[in-house]
Amino acid sequence: VNIRPMRADKTSTTAAVRTDPRRDRTRDALLRAGQRLFAERDVDGVSVDEIVDAAAVAKGSFYNHFADKGVFAREIAAGVRRDVEQLVNQANDGIDDPALDVSRALCVFIRFAMEHRDRARALWRLNTGATLADAPINRGLREVVQRGIERGIFKHVDVETGVLLVMGNFVITLRHVFDDHAHKRPEHVAPQMASGLLRSLGVPAARAAKLGEAAARDILG
């Protein structure tokens, strides 16, 4: 989408936006501390005192940046989600097959969880709104599922059911990645979970297995 820039009013003046490096550092320290803490405990199990102690900042600094702990937690979840979705978009650039799109997205989430464990665990704990199929944050996923249904690639499911199947699969797969006692390594589980997800969406077993293997090979090596 091309957006034509607005013409500036000749009578107005443009002031450079100034940022305070110290303020930015404090905010970043709080977010990093929150990610570490929320990776291990739910929001209710973490206090603001613990957050500021972990960030090594004054308690008043927390409320200079965030209205409350709930806003803070949502900011962390949204930030991680944006980063993962950007990686998914990059991995699926040029991919037109909704079934392969979903398979590769799952493998991107797995790789992110392997490389950024605390951030992924925080997202897993905090991203409760993603359980709603019609939530704005799931718009991209809905579009992929809708496209798959319209093309006859995904069968015997409606959009809402398809979205919930994908999200449920992602949550279970990430839980396996976080399990230190799991017998199978994530890269070995990835093609099986991707294949199982596609079969649940109505993709024939042979094609589902082929796409799952291809996605895991390309994304996870």
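Reader: How do α8 and α9 run relative to each other?

Author: Axes are lines fitted to C-alpha atoms, for helices over the stretch in contact, and angles run from 0 to 180 degrees between N-to-C directions. Helix α8 (residues 159-178) and helix α9 (residues 186-200) have axes 10 Å apart, at an angle of about 165°, and α8 and α9 are therefore roughly antiparallel (angles over 145 degrees). Helices here are DSSP runs of H or I, at least four residues, numbered from the N terminus. This is a predicted model, where local features need pLDDT of at least 70, side-chain atom pairs count only at pLDDT 80 or more, and totals for chains, interfaces and linings use all residues. Residues are numbered from 1 along each chain as its sequence is written, and side-chain values use heavy atoms, leaving out hydrogens and water.

Reader: Which residues of α8 and α9 make the contact?

Author: Contact means heavy atoms within 4.5 Å. From α8 they include Leu 165, Phe 170 and Val 177, and from α9 Val 189, Met 193 and Leu 197. The residues of this contact divide into nine nonpolar (Ala, Val, Leu, Ile, Met, Phe, Trp, Tyr, Cys and Pro), four polar (the others, Gly among them) and no charged (Asp, Glu, Lys and Arg).

Reader: And how do α5 and α9 run relative to each other?

Author: The axes of helix α5 (residues 98-115) and α9 come within 10 Å and cross at roughly 150°, so α5 and α9 are roughly antiparallel to each other. Among the residues in contact are Val 102, Leu 106 and Ile 110 of α5, with Glu 187, Ala 190 and Met 193 of α9. The contact of α5 with α9 holds twelve nonpolar residues, one polar and one charged.

Methods: Helix = DSSP H or I, 4+ residues; strand = E, 2+ residues; numbered from the N terminus. Parallel < 35°, antiparallel > 145°, perpendicular 65-115°, else oblique.
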